[in-house]
Amino acid sequence: MTDSRVLDVEIHEDRHSENMMINMGPQHPSTHGVLRLVLELDGEEVLKCWPDIGFLHRAKEKIGETLSWHQFIPYTDRLDYLAPLANNVAYALACEKLMDIKAPPRAEAIRVICAELARISAHLLGLGAYAMDLGAMTMFLWTFREREEIYTLIERICGARFTTSYTRIGGVERDLPDDFFPKLEKFVKNFPDRVDEYEGMLSSNKIWHVRTKDVGVISKELALGLGLTGPNLRGSGIDYDTRKAHPYSGYEKYEFDVPIGSVGDCYDRYLCRIEEMRQSTRILAQVLDTIPSGPYMNREGEEQLKQVLPDKEKVLTNMEALIHQFMVATDSISAPEGEVYFAHENPKGELGFFLRSKGDLHADRLRIRGPSFANLQVLEEIVPGHMVSDVMAILGSIDFVMGECDR
């Protein structure tokens, strides 16, 4: 990424050139956030593209080094704010790896439900906005119809629709209500037909083919060299999914396929996300059939009890539990010395948390590997040579979110 001050110098270096320098963003509707692209144009053809980020920077990593381990959980909602449940799970798993805590089987199954609902929701918004940017307004309305159903499910899970803060170190905040399961079962039953509708609208549409096929091609070598992950990597033909390569939360128990592209263009990346929604639905159906009973928080062992939150009902009726809640939720619980890295397969790609502890009440170093940050590097390589109108197609196919890019 190029510093914006350097960009300004480059823009004014050659005033006699016939090429035109323009800004796309940071307020352009197709950048879906505060992303600025500086484009050098020869007529309608893009000669160079410089991504310029940092307009949304919020110092999350530094905040994570001042707050306690539990206090940072709500801040993860604001990373990929289109999939907050998945962010919660990723951070909790990193903390559990550091603290040597294992969530109980029911909590793991609930976390899989959360992560896959978040994946479908994020892909729906990405697909709807992508299609709308290229002129298919109907797709945006259809995908938001299903997203509303998912938000209703999320509301039953934790009481919130957007900023969830549901996962906890050692498990989840609360168990799923009984009426949640028939609602999820109904969604799982009906959603595959909706995905067929999306494909019926786009996959055989000639205009969609012209706008996406052979546009924004990312080679295997380029995808690996720039550290791309998620559908952007798999769309280029690389068979890598963290859920398969390094299973967590019981993903090894579920049968699902990892969709892989062949060309690496905008169309392949679209197809990968379409199929990922089908596979997420397949995983959710298996979780519904096999979800175990038991506790939703691991409170076994005296040492572990000190690090996890007590039962909420006891907090409201028992003074010792109230004190325990206060100590865990503020800054009275320390993690053992050490450092860990945990990678979670988020909708945009690999969301990683690096945690280093010196035995204090908070992280000595917290580093977030945001997949959108790595994925946006490719714009400088693949945008040149295309027309200005193709830039919107490429941006939509990358499917980034600035919340995890400007951390």
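A cavity is a set of grid points where a 1.4 Å probe fits but cannot get out. Keep in mind that the model here is predicted.

**Exercise 1. Find the cavities of 30 Å³ or more and describe the lining of the largest cavity.**

Solution. 
- Step 1: Search the whole structure; 2 cavities of 30 Å³ or more turn up.
- Step 2: Take the largest cavity, which holds about 70 Å³ of space.
- Step 3: List its lining: His123, Gly126, Leu127, Tyr130, Tyr270, Arg273, Ile274, Met277, Gly396 and Asp399.
- Step 4: Look for elements that give two or more residues to this lining; they are helix H5 (105-133) and H12.
- Step 5: Sort the lining residues by class, which gives 5 nonpolar, 3 polar and 2 charged.

**Exercise 2. Work out which residues line the second largest cavity, and divide them by class.**

Solution. 
- Step 1: The space in the second largest cavity is about 40 Å³.
- Step 2: Around the second largest cavity you will find Leu82, Ala83, Pro84, Leu85, Ala118, Ser121, Tyr151 and Ile154.
- Step 3: At least two residues of this lining come from each of helix H4 (84-99), H5 and helix H6 (137-158).
- Step 4: The class count is 7 nonpolar, 1 polar and no charged.

**Exercise 3. Now turn to the largest pocket and describe its lining.**

Solution. 
- Step 1: The largest pocket contains about 320 Å³ of space.
- Step 2: Its lining has 14 residues, and Glu173, Arg174, Pro310, Lys312 and Gln325 lie nearest the centre.
- Step 3: Helix H14 (312-315) and helix H15 (319-329) each provide at least two of the lining residues.
- Step 4: By class, this lining has 6 nonpolar, 1 polar and 7 charged residues.

**Exercise 4. Are H12 and H18 roughly parallel or roughly antiparallel to each other?**

Solution. 
- Step 1: Locate helix H12 (residues 266-290) and helix H18 (residues 388-398), whose axes come within 9 Å.
- Step 2: Read the crossing angle, roughly 30°.
- Step 3: Angles under 35 degrees count as roughly parallel, so H12 and H18 are roughly parallel to each other.

Technical notes. Residues are numbered from 1 along each chain as its sequence is written. This is a predicted model: local features need pLDDT of at least 70, side-chain atom pairs count only at pLDDT 80 or more; totals for chains, interfaces and linings use all residues. Side-chain values use heavy atoms; hydrogens and water are left out. On a 1 Å grid over the protein atoms alone, a cavity is a set of points where a 1.4 Å probe fits but cannot get out, and a pocket is an open set with protein on both sides within 12 Å along at least five of seven lines; lining residues have an atom within 4 Å of a point. Grid points are joined across faces, edges and corners, and a volume is the space filled by probe spheres set on the points. Helices (H or I, at least four residues) and strands (E, at least two) are DSSP runs, numbered from the N terminus. Ala, Val, Leu, Ile, Met, Phe, Trp, Tyr, Cys and Pro count as nonpolar, Asp, Glu, Lys and Arg as charged, and the others, Gly among them, as polar. Axes are lines fitted to C-alpha atoms, for helices over the stretch in contact, and angles run from 0 to 180 degrees between N-to-C directions. Angles under 35 degrees count as roughly parallel, over 145 as roughly antiparallel, 65 to 115 as roughly perpendicular and the rest as oblique.
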